[in-house]
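Subject: Structure handover

Hi there,

Here is the structure I promised to pass on to you.

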Amino acid sequence: MSKLKLAVQKSGRLNEDSLQILKAIGISIDNGKDQLKASARNFPLEVFFLRNGDIPQYLRDGVVDVAIIGENVLVEKGNNIEVVEKLGFSKCRVSIAVPKGSKAKGLKDLEGKKIATSYPNTVQKFLTKANIEANLHIINGSVEIAPNIGLADAICDIVSSGSTLFKNNLKEIEVLLTSEAALVKSPKISAENQKILDKVQFRLQSVLAGRENKYVLLNAPNNKIDDIIKILPGIKSPTILPLAEEGWSSLHSVINKNDFWNIIDELKLAGAEGILVCPIENMIQ
């Protein structure tokens with residue numbers, strides 16, 4: 001039986017988050033310490049643990065069928081690789097930063113300057129678009145130290161919380177792009193493995209939808225139900241069940257987490273009582 005070959009980052013936060021979401025969609029991986037390949041116990045899938053920057057080439061060559069990788073790596077090295085599903089974790093941005101004492105405030109101030117980066121293609125793309133000429137110094141790792149040792153006037157690197165920039169006395173002046181983990185596929189994936197990928201994507205979509213929503217149960221007097229229904233979005237419409245106490249009903253619905261607190265405040269004002277909120281493990285639509 002054919003197996004879907006999935007590449008993930010060998011180590012680091014993206015590795016941990018990738019394995020976690022595989023577990024969330026019911027795929028158990030037997031991965032021992034320092035293994036470069038592991039098989040799923042309960043699904044036709046093999047996981048390859050690879051260096052992040054090498055994954056796009058493995059996809060192009062058809063060595064692996066799919067991968068979980070940061071969008072920032074795709075922009076730098078992943079031309080023509082199709083994104084199947086954005087996954088909502090490992091969010092970051094690719095930014096240009098300069099020493100805090102620098103007068104530079106944006107891309108236009110980097111004309112003729114030296115920029116240290118691990119993302120030369122990404123930086124050059126934005127410099128060309130802005131009609132700016134600068135000198136790029138390609139560095140793998142410890143990019144933040146470059147201005148402090150006189151190697152560069154600015155850097156371009158991944159930024160998550162900004163703490164690393166702060167520690168190195170740097171400030172962001174330009175965000176080139178935002179990034180998150182994505183499931184991507186090889187242009188050489190077989191028809192048989194595409195069918196397996198479709199099953200993986202279906203599971204992922206149900207888990208991701210669950211993470212974006214909360215299940216809400218509440219009690220309300222029957223004469224307030226119409227007003228409450230106008231507030232509750234639901235998937236189609238709220239479920240309404242009569243309570244043992246005459247004149248009261250229980251309403252069940254789903255609320256997007258981004259609108260959650262505002263809707264809860266409106267529900268209370270509309271007469272809702274005994275509001276219970278539960279996480280959703282999977283939501284299949």
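For the residue classes used here, Ala, Val, Leu, Ile, Met, Phe, Trp, Tyr, Cys and Pro count as nonpolar, Asp, Glu, Lys and Arg as charged, and the others, Gly among them, as polar. Please keep in mind that this is a predicted model.

With those classes, the lining of the largest pocket splits into 18 polar, eleven nonpolar and eight charged residues. The space in this largest pocket comes to about 1,000 Å³. Its lining is made up of 37 residues, and those nearest the centre are Asn-52, Asn-72, Tyr-119, Asp-157 and Ile-158. Helix 1 (13-24), helix 3 (71-77), strand 9 (154-159) and helix 5 (163-167) are the elements that each give two or more residues to that lining.

The second largest pocket holds about 150 Å³ of space. Around it you will find Leu-87, Gly-88, Phe-89, Lys-91, Glu-180, Leu-208, Arg-211, Glu-212 and Lys-257. Sorted by class, this lining has five charged, three nonpolar and one polar residue.

Strand 13 (residues 239-242) and strand 14 (residues 248-256) run antiparallel and are joined by four bridges.

Technical notes. Residues are numbered from 1 along each chain as its sequence is written. This is a predicted model: local features need pLDDT of at least 70, side-chain atom pairs count only at pLDDT 80 or more; totals for chains, interfaces and linings use all residues. Side-chain values use heavy atoms; hydrogens and water are left out. Two strands pair if DSSP finds at least two bridges between them. On a 1 Å grid over the protein atoms alone, a cavity is a set of points where a 1.4 Å probe fits but cannot get out, and a pocket is an open set with protein on both sides within 12 Å along at least five of seven lines; lining residues have an atom within 4 Å of a point. Grid points are joined across faces, edges and corners, and a volume is the space filled by probe spheres set on the points.
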